[in-house]
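Open the model in your viewer and keep the selection tool at hand. The stops below go through charged pairs and then a helix pair.

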Amino acid sequence: MPLDRPNILLLITDQQRSDTIAALGNRLIKTPAMDQLCRQGTAFARAYTPSPVCVPARHAMASGMPPHVSGVFDLWDVSRPVPSFMQRLAHVGYRTHGVGKMHFTPDAYDPWGFETRDTSEEGSRDPQRDDYARFLDAHGYEHVRDPYGYRSEFYYLPQPSQLPERLHHTRWCADRSIDFLRGRDTRRPFLLCTHFVGPHPPFASPYPWSRLYRGDEPDPPYLPDRHADCLTYWNHAQNRYKWRDGGTDRHVLGAMRAAYHASVSYIDYHVGRILESLGSDLDDTLVLFSSDHGELLGDYGSFGKRCMLDAAARVPLLVSWPGRVAAGHRCNTPASLLDIHATVATAAGLDRPAPHPEAVDLVALARGETPRQTVFSTFQRGGFGLHMAVTADTKYVRSEADGKEWFFDQPHGGPERSSEPDDPRCAALREQLLDRYRRDGYTETLNDERTGWRDWPKRRVPEDPTTGLLLQDPPELQADIDRLGPYARNVTKPTKTSQLLLRPHG
């Protein structure tokens with residue numbers, strides 16, 4: 001029976017590039033569920049993350065506040081008590097439920113507006129708090145200490161899952177979501193937020209999905225002329241601590257990109273299961289699909305996120321709502337994950353779309369009812385800050401750690417090409433970004449006259465290739481190694497320190 005307000009289904013992946021959907025131009029990948037959403041709704045071709053790293057991106061999406069306003073710039077920043085869109089919808093009667101990785105700060109297991117949650121957080125193997133850990137233990141898999149895949153030096157190496165398909169985290173997220181949809185109170189509209197861990201590395205899909213694509217099939221990385229000149233301090237820092245600054249040969253890189261594609265297709269299969277479980281309720285449901293940020297995957301000779309290059313900062317964003325959103329439409333107006341807060345609040349009939357005016361209703365944006373030319377992104381702060389302003393065909397980037405700016409020309413929204421920063425369009429975007437910070441009272445990075453950027457010391461990654469390597473081992477690893485008797489040795493001592501790269505100050 002139709003409700004006076006729509007049901008809302010939010011599907012979020014982790015680290016999914018914008019170019020990983022078949023219907024939007026990827027000639028290799030199989031994504032029938034995402035293709036279905038493209039046919040039934042609108043794809044935002046110029047969608048960007050408000051911050052190219054997990055916690056600040058997700059916090060901005062949930063709170064509707066960009067990082068320079070909320071103060072959540074990186075993984076360890078603590079959020080002030082602010083309302084999430086989940087809380088706002090629960091307050092007006094929505095049945096709110098969350099499944100999967102939320103990455104809330106400071107407590108990843110905080111409900112933050114969810115009436116109920118099926119919890120799973122990377123790095124947690126505590127069955128007292130983590131529902132997925134408890135699920136694995138109940139099925140006899142307590143011996144698997146890295147259920148999301150091996151990290152540290154194995155972080156970017158393709159690897160099969162240690163779990164059978166029926167126990168894989170992606171399957172678990174879909175199963176819990178379907179259980180909620182089948183058992184919910186149909187007299188209330190629902191808000192279901194399903195957050196998958198993939199295709200975040202390690203790319204550990206279950207068999208046979210892990211062999212869906214072969215290493216000689218994916219396109220090679222995007223390496224435009226003078227691509228190394230486009231890298232910031234954060235690219236070099238991330239390559240170091242993710243064990244990738246030594247490069248990799250083409251065969252390993254091909255296998256890596258194939259495994260990444262497989263992870264996306266495996267998620268797509270389970271997205272299809274969730275959509276199918278809605279049945280006729282799909283006609284009364286606003287469906288949003290996106291990701292928190294992208295993944296370089298060898299583009300520009302670099303890996304990970306934490307930069308404003310398109311592979312890392314541009315995200316897929318699909319919206320389907322029968323009768324309200326045009327079917328088969330592609331919108332080239334710039335969009336942001338911030339807009340998800342405003343979209344669900346508007347659909348639920350709330351008076352105020354979002355706490356910050358940058359967040360706008362995607363339905364109105366797709367119809368051309370909301371004028372917008374520019375969206376923004378921010379990562380880190382002070383002398384390590386990264387800043388971006390992007391339009392339908394241009395992009396401006398500023399890196400405080402490098403004391404440098406870039407201008408990218410993207411005709412018709414195509415591949416980004418580095419251009420000269422003395423282009424007058426660059427100056428216009430720079431001024432938009434500075435005005436934005438002045439308007440919101442964020443002056444930390446502005447100079448004393450407040451007419452431009454503040455000068456900070458230049459930063460460089462240490463030349464010693466062992467400084468900054470990141471170890472992400474299970475806490476019990478050393479004790480397990482110690483039980484190997486004559487083979488025991490210290491494997492978890494830090495190789496110098498990663499704090500220089502992970503928690504910079506000043």
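Across the whole structure, a search finds 39 salt bridges. Keep in mind that this is a predicted model.

**Stop one: a bridge between two helices.** Select Arg-273 and Asp-175. Their side chains meet in a salt bridge, 2.8 Å from N to O. Now colour the helices. Arg-273 sits in helix H8 (residues 250–278) and Asp-175 in helix H6 (residues 169–183), so this pair ties together parts that are 98 residues apart in sequence. Arg-273 is partly exposed, with a relative accessible area of 21%. Asp-175 is buried, at 16%.

**Stop two: a buried pair.** Select Arg-314 and Asp-310. These two form a salt bridge, and the closest N and O atoms are 2.9 Å apart. Is Arg-314 buried or exposed? Arg-314 is buried, with a relative accessible area of 13%. Asp-310 also counts as buried, at 9% relative accessibility.

**Stop three: a bridge within one helix.** Go to helix H12 (residues 424–439). Show the side chains of Asp-435 and Arg-438, which meet in a salt bridge of 2.8 Å, N to O. The two residues are 3 apart in H12, so about one helical turn separates them. Asp-435 is partly exposed, with a relative accessible area of 34%. Arg-438 counts as buried at 19% relative accessibility, because the cut-off for buried is under 20%.

**Stop five: two packed helices.** Two packed helices are described by the angle between their axes and the distance between the axes. Select helix H2 (residues 54–63) and helix H10 (residues 338–347). Their axes come within 6 Å and cross at roughly 25 degrees. Angles under 35 degrees count as roughly parallel, and H2 and H10 are therefore roughly parallel to each other. The crossing of H2 past H10 is right-handed.

Now show the side chains at the contact. H2 contributes Ala-60, Met-61, Ala-62 and Ser-63. From H10, select Leu-338, Ile-340 and His-341. What is the make-up of this contact by class? Between H2 and H10 there are 5 nonpolar residues, 2 polar and no charged ones.

Technical notes: Residues are numbered from 1 along each chain as its sequence is written. This is a predicted model: local features need pLDDT of at least 70, side-chain atom pairs count only at pLDDT 80 or more; totals for chains, interfaces and linings use all residues. Side-chain values use heavy atoms; hydrogens and water are left out. Axes are lines fitted to C-alpha atoms, for helices over the stretch in contact, and angles run from 0 to 180 degrees between N-to-C directions. Helices (H or I, at least four residues) and strands (E, at least two) are DSSP runs, numbered from the N terminus. Angles under 35 degrees count as roughly parallel, over 145 as roughly antiparallel, 65 to 115 as roughly perpendicular and the rest as oblique. A crossing is left-handed if the near helix is turned anticlockwise from the far one by less than a right angle, and right-handed if clockwise. Contact means heavy atoms within 4.5 Å. Ala, Val, Leu, Ile, Met, Phe, Trp, Tyr, Cys and Pro count as nonpolar, Asp, Glu, Lys and Arg as charged, and the others, Gly among them, as polar. A salt bridge is a side-chain nitrogen of Lys or Arg within 4 Å of a carboxyl oxygen of Asp or Glu. Buried means under 20% relative accessible area, exposed over 50%, partly exposed in between (1.4 Å probe, protein chains only).
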